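Me: I would like to learn how to read a few features of a model like this one. Could we go through them one at a time, with the general idea before the case?

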Amino acid sequence: MSTVVQYILSGLAIGGIYALVALGFHIMWSSAKAVNFAHGDTLMIGGLLAVYFLAAGLPLALACLLAILVGGLFGVVLERIAVRPFLGQHGSVGWMLTTIAIGIMVESVATIQTQGYALPLPSPGIASSIQILGAGVYPQELAIPVVALIAMFGLRLLQHHTLIGRAMRAVAHNGAAASLMGINVFRVVAFSFALAGLLGAAAGVLVAPVVQASSTMGVLPGLKGFAVAIIGGITSAPGVVVAGLAYGVMEKFVEGYISSAAREIVGFSVMILTLLVFPQGLFGKREVMKV
Amino acid sequence: MRHLTTIGFLALAVILVAVPLASNNEYELRLFMLFLIYGIIAVGLNVLVGLTGLVSLGQAGLFALGSYTGAILATRLGFDMVSSALVAAIVAGFFGVLLAYPTVRVRGVYLAVVTIAFGLIVENVAIEWQSMTGGTTGITSIPSPNVFGFRLSGYAYYGLLAVVLFLAAAAAHNLKISRFGRAMLAVSQSETAARALGVDATGVRTLAFVAAAVTAGLAGTFYAFLNSYISPDIFTFSDSVRFLLMVILGGAASTFGPILGAYILTYLPEYLQQFAVWQKFAYGALLLIVMFVMPRGIMGSLAFGLKKLRPAPRAVSATEGILAEDTLRRDPNALRSELVARDLTVRFGGLTALNKASLRVKPGEVHALIGPNGAGKSTFVNTISGFYRPTEGEFEIDGVQLAGRKSHEIARLGLSRTFQNTELFGELTVLENVMVGYQQGLGYGLAAALLRTPAMRRQEEECRRAAIGLLAFVDLQDYANEEARFLPFGLQRRLEIARALAARPRLLLLDEPAAGLTTQEIDALEEMIRRIAALGVSVLLIEHHVELIMAVADTVTVLDYGQIIASDTPAVVQDDPRVIEAYFGTSLEHADAAEATP
Amino acid sequence: MLPETSLRGTLLAATVALGLSATGAFAQQEPCIGNSVAVTGPAAFSGQAIKLGAEIAIDEINAAGGVLGKKLKLIQYDDAGAPPRGVDNTRRIALADKCIAVLGGFHSTVALAQVDPIHEIGIPYMGVWAANTKAIENGRDPNFMFRISAKDKWVARFLVDEALKVSKSGKIAFFYENTGWGNGALPDIKAALAAKGKELAAAETFNWNDQDMTPQVIRARDSGADVAIVWSLDREANQILRSMDKSSWKPTIIGAWGISGNLGELAGPLANGVRVMQTYSFQTEQSATGKKVLAAIEAKTGIKDPKDIKAASGIADAYDAVYLLADAIKIAGAYDWKKVQAALYEVSRDGLVAPYKPAFDKKDPERQDALLPQYYLLTVWHDGKLIPFKGSPYDK
């Protein structure tokens, strides 16, 4: 029993990260029908910068906040230079490769800075573990899925109660029509990428105390976050968050009851099978083909 | 262009022969051999990415499958290199088919993610299936290259690789200029139009995946034998990115681009070594620069520049062509075609777009289907051309049941169509667009295409001449070598008609062909429809333009709110009170609202 | 120090004179050593360390006149941790740059991949980090692969001895990373235990960058083990420690040298008492050579405090490796692969890390490794620092 609880709690912690990353993919996709393939690197930017800002003498909270803001800025800059020039093009190879290129560059700089070492980010959330039904967990880990859920509801509030949020929904629904209605689509897209960047960096700051900040910390969460977004249905915010949490829990059970080795194989196979049965993801909208 | 390609292949052959003579040491030769192997992968991947427009970020997975299959056969069962490579190609090809299956349901980014997942699965299976793959330590001591028990020397192996790359490049080039290549390009640019012309899009994509998989499988085995060592780190996601980049950098869809891209990306890491810790950064920066400066890739940009410097003649001489009348005229004694639809009902959720609509297009007639906006005309057209499934009812052409068939099957049975919003293959030339339409008239197989057999060339020449004739029929011969997307709108409409005719339909379905045309153009259209009907092709015309309908239609059927309210000669229908009610009885506001949803 | 240098100078002059006569016939190689290590990628620190150690040695050797009258060069390549890059670099070093020897890097998979090309070409290889047993004990004769570093087989015995000393239940759990290094160590650990009539209670694996090890830790805990041998890097070891903390399991932890980098910094107090085998530490009392190297490190990198030197073993092993190669070249009297390979068996020297007397033994296939287990060092993490185990608060 305590083992099952342990897997669920650990899974939710990891899954919360996937959910936050996937939420970022959802936001970008909705506005631009394009994503940042290097989105995982915003995690690394958040985590590493928090460590460096802290080392530079800033108080922890300020260091984290600043790191998250830089993550948002990264989103904006990346959208402007790597995504926007390729949006009008037939096919998606353009922005896929440019964002991958920027990811390579950012990761390379981070590797040079850290020499490949992982760096610790102190947090009161990992001072000691707490026991729940015989399973141990750090408060920091519990916070991650909670933050993911808050982000999801926050996004909903934003989209329904603010001007920019409504503009985001309009652009997501039909970019051309939104543009005719006087909405500055580019501004909405930039805002979306900033928001995704903020969420990604926040995920990085949240998870860094548990997993340490390193130049490669974002690679797998980035890939899996995207897989999760596709499974959940990239057009649905609640869909990707639920899928993220479920994916994390599933991973832990695979590790626990099959083997840690089977994790990736099972996870990605589940993703392909899901897509075959639900081409738009579990909770995604189906678009009717117009001829 | 044709001469340039020949020169290109000659140059490639010269380089392949010269390099081993010029290389200073074994290291240089081996590096070049590595390039040959990557070149084979890139040439195959180009069929998938360049021609068919499908992005694969899992090519390293197929490469790994080939590598491991070959290495395991060689080390465990003592297979020689040729048989190992063949089995590896088959195994990889099988997985290529599996990978193509998701394309039935998902495209674009979704497909990219499926391929990424595939690559990661293969990599992880290679790590975990220790008893078979040696896990993270991989497989060592793969025997040196051997054929039928004879050990190949370094130069002999080089020769083998060079020949395989040359043949692969030639085969890919032949594929590109065959009906298969045109079908791939067509599917990538407008799947809808391709299907409406009888192209089996799923089949085409499967073929492309198999081509990319088989070459990657072959290359994988060659790699295993060259390196005598393989391990999972050789087949990572970043390798998949590199393979894709080879194609994009060199020039997607070009013949020599992928080879050039493979060359650059094989040697680049060697040169980047001098940047020490900054080399990955430099690699990323270079990739970024390429995407900005040369989004078409090197060969693509060169070809573009060449075209600007020395534009090919835009026109072809109509005398080269076969008269359209000869292409289209059917045996006068044969039955002219009849389309019958019975009680067709189509519902979208709660909305009934078509309600028990029955219609009969008599053999050889021009039949007009009219109705106010939102009446269900488009739904009707899309249903009988196989894009929508009818909820109830059935339809047939000359007694052949069509309900439930796929659009490309319906097209092959003789129903050809144009589109309300033109669906041309924008980056193909005007002539090539029509040649895609002629696709079903070409009977040669894949082997003939790869080898460019005399029979294949004969058929291709016939196809070209027929297409020229059809262009002359719609008076577009002066634009034959122009890319379709650069045509003015009115000419695009005519091109669509020529392309639909190239499929040699028994029934031609024209979906609002007059929309957006000038008065003169409509007059020309009217005359053209008459000429088409005179050739014995039945025409179903969906139109708003009343004058045109009155002038050409033998029968007019009126749809309103999804139901047929009248069907008779133009004169009778014109006076039908229900038709007048449908058109003028409704308020203008209603009509405007319907207009807003295209 | 002065007499030593002048003595070396005379020796050098003699060898140069001898060498010159031989050069005409045999000098197809250049006086350079090719360094194929990971300068980028997740183990970038290892490449930097090896480069640093090798450069310090080469500077010293060149200041003393070089080898056979020419200055020794270090040619630096990056393998990025990828075996094919390692293989390419090997060929480039041997065939294009025509160097005398290859220095090998961090990744065991790369070292394993290099075995074939090294022997096909016949160029001496000197490993300074990757500890995989089979890379060096590869069954070839003549064997061109040498090493100054830990060897997993010996490390396994060393750690198992320590583990059994501490364990009350006699049950040992083993955590190893799913890489060439970790997987290669599993049979070594099993063999070392079998020699003592024991079996592993649990063997758990994990991947690089895994962010939670709870399932593995729970399984190991439930096996009843009270000692965990850890074959991982700092990053993942920290995850293991945290998962142990969460699962309320406090076994004694004994690790191979992968966790001698910054585990103390990562895991904080959780790392206290974690024992680590190392080949070298700059934090102990230093010999004269050690002080000289420390000064050189400070001159090159600005690092003053020995405890800030990460990857001490990598620097020290690379330093010694270059000296052993230089000695062998001098003994061989030519820049010639085969002769240098043969001469390596005759090298005898007091190194920074250990005495190598002799460095290698042609008759014993196990002695392609210069660093013998008696020179392995047991250290322990204490308040963020790695201190010698002997005399530490944990030494009871």
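Reply: Helices (H or I, at least four residues) and strands (E, at least two) are DSSP runs, numbered from the N terminus. In chain C there are 13 helices and 14 strands. This is a predicted model, in which local features need pLDDT of at least 70, side-chain atom pairs count only at pLDDT 80 or more, and totals for chains, interfaces and linings use all residues. Residues are numbered from 1 along each chain as its sequence is written, while chains are lettered from A and ligands numbered from 1 in the order in which they are written.

Me: Why is chain C said to be as compact as a globular protein of that length?

Reply: The radius of gyration is taken over C-alpha atoms, and the globule rule is 2.2 Å times the number of residues to the power 0.38. For chain C the radius of gyration is 21 Å, close to the 21 Å that the rule gives for 396 residues, so chain C is as compact as a globular protein of that length. Its C-alpha trace spans about 70 × 40 × 35 Å along the principal axes.

Me: What percentage of the 396 residues in chain C is buried?

Reply: A residue is buried if 20 or more other C-beta atoms, placed from the backbone, lie within 10 Å of its own. Buried residues account for 61% of the 396 in chain C.

Me: Which domains does the assignment give for chain B?

Reply: Domain bounds come from an automatic or database domain assignment, which for chain B gives domain 1 (29-237) and domain 2 (330-425 + 489-596). The centres of these two domains of chain B, taken over C-alpha atoms, are separated by 46 Å.

Definitions and conventions:
Buried ≥ 20, exposed ≤ 12 C-beta atoms within 10 Å, placed from the backbone.
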